[in-house]
Amino acid sequence: MKIDTFSFRFADTNGFMEWYRYNPQQGLWIDKFDGMMQAKRCEMTEEELDGLERVIRANNIGKWNDFCKLDMCMCSGNSWTLHVTYKDTMEEYIHAMGHSEGPEGFEEGKKALEEYLDRFLQK
């Protein structure tokens with residue numbers, strides 16, 4: 001499958017924030033703040049989008065679909081959202097979110113996404 005749009009946002013109460021988003025019209029946007037703001041806008045080739053899909057598959061991130069655990073009474077912790085849509089299909093997508101909780105394999109999947117997408121900050 002080919003990715004059409006992608007968005008992963010993560011933030012915590014220590015002031016860390018990262019947001020990676022892609023759409024075919026605007027390319028890849030990266031915004032990160034960890035005491036210092038980093039921002040980047042760039043194009044992604046089909047091969048690079050295929051690489052992102054390989055990261056999603058290798059880390060079972062598709063299994064996160066429909067995960068939704070939001071602790072509205074907690075004022076600290078982290079929050080995150082993930083949205084992925086695919087070309088040529090309305091049935092295949094990943095929509096997940098959490099507040100201070102994540103699905104099985106979340107930390108590993110998050111790290112893999114960061115490692116893959118952060119290389120575009122140097123592009």
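Rings of Phe, Tyr and Trp (its six-membered ring) pair if their centres lie within 6.5 Å; planes under 30 degrees apart count as stacked, over 60 as edge-to-face and the rest as tilted. By that rule, a search of the whole structure finds seven aromatic pairs. One of them joins Trp64 and Phe106, with centres 5.1 Å apart and planes at 40 degrees, so this pair is tilted. The pair links distant parts of the chain, 42 residues apart. Trp64 sits in the loop between helix H1 (46–58) and strand E5 (68–69), and Phe106 sits in helix H2. Helices (H or I, at least four residues) and strands (E, at least two) are DSSP runs, numbered from the N terminus.

This is a predicted model: local features need pLDDT of at least 70, side-chain atom pairs count only at pLDDT 80 or more, and totals for chains, interfaces and linings use all residues. Residues are numbered from 1 along each chain as its sequence is written, and side-chain values use heavy atoms, with hydrogens and water left out.

**Aromatic cluster and burial**

Ring pairs link Phe8, Trp64, Phe67, Trp80 and Phe106 into a cluster. Burial is set by relative accessible area: buried means under 20%, exposed over 50%, partly exposed in between (1.4 Å probe, protein chains only).

| Residue | Relative accessible area | Class |
|---|---|---|
| Trp64 | 0% | buried |
| Ile3 | 2% | buried |
| Phe106 | 6% | buried |
| Lys110 | 10% | buried |
| Cys42 | 12% | buried |
| Cys68 | 48% | partly exposed |

Lys110 lies in helix H2 (residues 106–118). Contact means heavy atoms within 4.5 Å. Leaving aside neighbours within four places in sequence, Lys110 is in contact with Phe8, Phe10, Glu18 and Trp64. A charge sits over a ring if NZ of Lys or CZ of Arg is within 6 Å of the ring centre and within 35 degrees of the ring normal. Lys110 lies over the face of Phe10, 4.4 Å from the ring centre. The charged end of Arg21 sits over the ring of Trp19, at 3.8 Å from its centre.

**Core**

A nonpolar core is a set of buried Ala, Val, Leu, Ile, Met, Phe, Trp, Tyr and Cys residues joined through side-chain atoms within 4.5 Å. The largest one has 31 residues, of which Phe6, Phe8, Ile56, Trp80 and Leu82 touch the most other members. At least two residues each come from strand E1 (3–12), strand E2 (17–23), strand E3 (27–33), H1, strand E6 (78–86), strand E7 (93–99) and H2. H2 supplies the largest share, five residues. Phe6 has contacts beyond four places in sequence that include Tyr20, Leu52, Ile56, Leu82 and Leu113.

**Strand pairing**

Two strands pair if DSSP finds at least two bridges between them. E1 and E6 run antiparallel, joined by nine bridges. Within E6, Val84 stands opposite Phe6. E1 and E2 are also antiparallel, with six bridges. Here Arg9 has Trp19 in E2 as its bridge partner. E1 and E2 form a hairpin with four residues between them, and Gly15 in the turn has a positive phi of about 95 degrees.

Ile3 lies in strand E1. Not counting residues up to four places away in sequence, Ile3 touches residues including Leu49, Leu52, Ile56 and Val84. Ile3 and Asp88 are 85 residues apart in sequence and 9.6 Å apart in space, C-alpha to C-alpha.
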